[in-house]
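Thanks for making time for this.

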There are 2 protein chains.
Amino acid sequence: MSFGRRLAALDLTPPHVGLLRGIGLSPGRSQQAIAEDFGMPPSRLVAFIDDLEYAGLVERRRDPRDRRAHNLFLTDKGEKMMAKIAGIGREAEAALLKPLSTAERLQLHQLLERLMSEHEITAHPGYRTMKPQDPRDLDQEGANRPS
Amino acid sequence: MSFGRRLAALDLTPPHVGLLRGIGLSPGRSQQAIAEDFGMPPSRLVAFIDDLEYAGLVERRRDPRDRRAHNLFLTDKGEKMMAKIAGIGREAEAALLKPLSTAERLQLHQLLERLMSEHEITAHPGYRTMKPQDPRDLDQEGANRPS
DNA sequence: TATGAATGTTTCAGGCCCAGAATGATTCTT
DNA sequence: AAGAATCATTCTGGGCCTGAAACATTCATA
């Protein structure tokens with residue numbers, strides 16, 4: 001089963017997962033900062049964070065230094081969800097690459113890496129979690145790739 | 001420049017182009033048949049065909065045997081547009097694959113072919129022109145949110 | 001042939017997603 | 001202390017989408 005469908009079974013959309021991951025990778029940032037990272041207007045982020053907070057995955061905390069701002073953190077449940085999603089990503093990737101031998105998988109991976117770096121693409125837009133050129137992004141793609 | 005951007009410069013979206021191509025490949029079919037091929041409700045097709053007809057690329061002709069039906073054909077302008085789009089596609093592909101050597105391009109192509117055939121995928125959903133056997137390809141969950 | 005069911009297309013109503021403007025609370029500047 | 005700036009949120013309006021009518025035409029059948 002594809003990554004997308006399995007996310008749907010968890011009542012998550014790709015943008016939700018991207019945000020979840022982004023918050024997990026750099027917790028405590030303001031909504032504005034996260035919105036900027038993801039290239040979406042802050043007003044649009046609100047509804048996503050509402051969803052994630054309602055689902056108990058993310059927590060808004062008032063910044064004690066600037067009480068206008070809300071800093072974002074994963075809850076324990078959110079951390080567990082991320083681990084689960086990473087597993088799902090690995091499974092989906094394995095299913096996708098099943099027809100290829102190990103050597104072929106490596107080949108494919110390297111060819112796509114090359115194209116991505118040459119074209120300065122970091123990840124599928126729907127799953128973008130980081131500002132372009134953040135190196136951490138290139139490592140953990142298993143958890144973060146479209147089916 | 002990417003394929004999508006160039007299409008936008010022609011006031012076309014990927015679905016429009018997919019339909020244009022589908023009509024060109026099998027002209028004279030009814031809207032219902034085309035809608036079925038593309039996995040969209042007939043009511044949704046109407047607006048797309050309206051656009052293409054208004055742009056002078058496609059023609060509705062009443063079926064003489066069943067005057068309820070509209071059969072779809074490319075106009076001359078539509079044929080020329082398809083040729084132009086094919087050229088754009090080749091250019092975009094060349095730009096994308098520029099970082100790779102000829103041998104590497106062949107490798108990549110073969111690897112992706114293999115994956116597509118193994119998974120019974122025919123084309124990118126946005127550009128789908130033919131009916132997929134398995135609806136799992138679609139992955140268009142629509143609206144779902146964490147609850 | 002007449003009449004009601006079925007069919008191809010179109011229009012309509014409602015929902016979701018989205019961007020940008022307006023609002024409210026808080027902080028910064030001077 | 002007053003006004004400008006800033007962060008989050010709410011509001012407004014538009015685009016896209018689906019499924020339910022509506023309309024014209026054809027089919028089935030008595």
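Start with β2 and β3 of chain B, the latter being residues 70-74: these two strands pair in the antiparallel sense over 5 bridges. Keep in mind that this is a predicted model. Within β3 of chain B, B:His70 is the residue that stands opposite B:Arg62. Helix α4 of chain B, residues 42-54, packs on the sheet and touches both β2 and β3 of that chain. The direction of this helix makes about 110° with that of β2 in chain B.

Now the whole sheet in chain B. There are 3 strands, in the order β1-β3-β2, and the sheet is open with antiparallel pairing.

Next, helix α3 of chain B, residues 31-38. Which of its residues are buried? They are B:Ile34, B:Ala35 and B:Asp37. Viewed down the axis of α3 in chain B, these buried residues fall within an arc of 160°, so they line one face of the helix. What they pack against is α2 (14-25), β1, α4 and β3 of chain B. Just after this helix comes B:Gly39, with a positive phi of about 65°.

On to chain A, which has 7 helices and 3 strands. Along the sequence the pattern reads α-α-β-α-α-β-β-α-α-α. The chain has 147 residues, of which 27% count as buried. Among contacts in chain A with a separation of 6 or more, 54% come from residues 24 or more positions apart.

Then the cores. The largest nonpolar core has 21 residues, and those with the most contacts inside it are A:Leu19, A:Leu20, A:Ile23, A:Ile34, A:Leu52, A:Leu57 and A:Val58. At least two residues of this core come from each of α1 (3-9), α2 (14-25), α3 (31-38), α4 (42-54), β3 (66-74) and α5 (76-97) of chain A. Which element supplies the largest share? That is α2 of chain A, with 4 residues.

Take A:Val58 as one case. Leaving out residues up to four places away in sequence, A:Val58 touches A:Leu20, A:Ile23, A:Ile49, A:Leu52, A:Glu53, A:Leu72, A:Leu74, A:Thr75 and A:Gly78. There is also a second, separate core of 15 residues, which includes B:Leu12, B:Leu57, B:Val58 and B:Leu72.

Key: Residues numbered from 1 in each chain as written. Chains lettered and ligands numbered in written order. Predicted model: local features only at pLDDT ≥ 70, side-chain atom pairs only at ≥ 80, totals over all residues. Pairing = 2+ DSSP bridges. Contact = placed C-beta atoms within 7 Å. Axes fitted to C-alpha atoms, helices over the stretch in contact; angles between N-to-C directions. Buried ≥ 20, exposed ≤ 12 C-beta atoms within 10 Å, placed from the backbone. Arc of directions from axis to C-beta. Core = buried A, V, L, I, M, F, W, Y, C linked by C-beta atoms within 7 Å.
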